[in-house]
Amino acid sequence: MESKCAQFAPKMLETPTSNPQVAIAQKLRIPKNPSKKFLYHLLEEQYYLFNTKDSINENLPDPLGVAREFPSDKVALFCALFAYGNVHSIVKFLQSCNLNALVNPKDCAISCTSKVYRFQNNAEIQWFFQTLLNLESLQEIFYQGYRCDSILGGIRSLQSTFYRKLDKPTQGLQFLLGLLDSTSPLKRWNLFLRWVVRKDSLDLGYWEGVKRSDLLLPLDTHTFRIARRLGLLKRKTYDFKAVLELSENLKRFDANDPIKYDFALYRIGQLGLIE
């Protein structure tokens, strides 16, 4: 039986491309003040629409598409922390990196790439790559903070581990790792956690022992705008408080797995499906 908001759900239109599975969704018609029931059906339909491996493709790339080529949480973290800027530039940079070395290291001094990326020079990229390569267990480092505190505590534990290994923090590495005790949304760290904790057609599900209900939304400008348009977020400032508010509000629709809606909300914003 068709849901009551099916009239608002996008149909997938084939595009003139060599990949017949690439599709573009039609724009969504959203009432001015959508009800909770409307939002539930909309979020569920969009989740299932975008929760396919084909949602990431040559026409619609994503750093997760690179990360899933290598079965490693270290690769996932590398891809997530460099996931800022134009998505095509992100993917091009990641594809230039020797990510397989993070899966199967052959020696202790391995070159990552000859490239630079936006705010990181080559020396900074190499330092991060080498430090990541030498860490024993990202999962255990995260758990040290998560067990005692929360998801944020786990993120701080990982950040602190990298900072302790730095002789002198540079602007490029501070941007890459994020500043401790800042009010930023920590989008890239939460993106990494979504990838390694959740498991579906997109997310990788490498880690056990972290509750999906504890995850925080990897809030970016697309999801921020769409969440406010849908009435899921009242806060006007793009910061960590907005992340907490939106993550909590999404529990109204799936208390056990609220962050499953993240990729769909991102694609809706990226594709301009809601005015």
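**Stop one: a residue in a helix**

Select leucine 265, which lies in helix α13; helices are DSSP runs of H or I with at least four residues, numbered from the N terminus. This is a predicted model, in which local features need pLDDT of at least 70, side-chain atom pairs count only at pLDDT 80 or more, and totals for chains, interfaces and linings use all residues. Residues are numbered from 1 along each chain as its sequence is written, and side-chain values use heavy atoms, without hydrogens and water.

Leucine 265 counts as buried because its relative accessibility is 0%. Buried means under 20% relative accessible area, exposed over 50% and partly exposed in between (1.4 Å probe, protein chains only). Leaving aside neighbours within four places in sequence, leucine 265 is in contact with Leu43, Thr223, Ile226 and Leu230; contact means heavy atoms within 4.5 Å.

**Stop two: α1 and α13**

Now select α1 (residues 36–50) along with α13: their axes come within 8 Å and cross at roughly 85 degrees. Axes are lines fitted to C-alpha atoms, for helices over the stretch in contact, and angles run from 0 to 180 degrees between N-to-C directions. On the α1 side, Leu43, Gln46, Tyr47 and Phe50 make the contact; on the α13 side, Phe263, Ala264, Leu265, Arg267 and Ile268 do.

**Stop three: α4**

Select residues 87–95, helix α4, where Val87, Ile90, Val91, Phe93 and Leu94 are buried. The buried residues of α4 pack against α2 (63–67), α3 (73–81), α6 (122–134) and α13 (262–270). On the other side of α4, look for Lys92 and Gln95, which are exposed.

Terms used
Helices (H or I, at least four residues) and strands (E, at least two) are DSSP runs, numbered from the N terminus.
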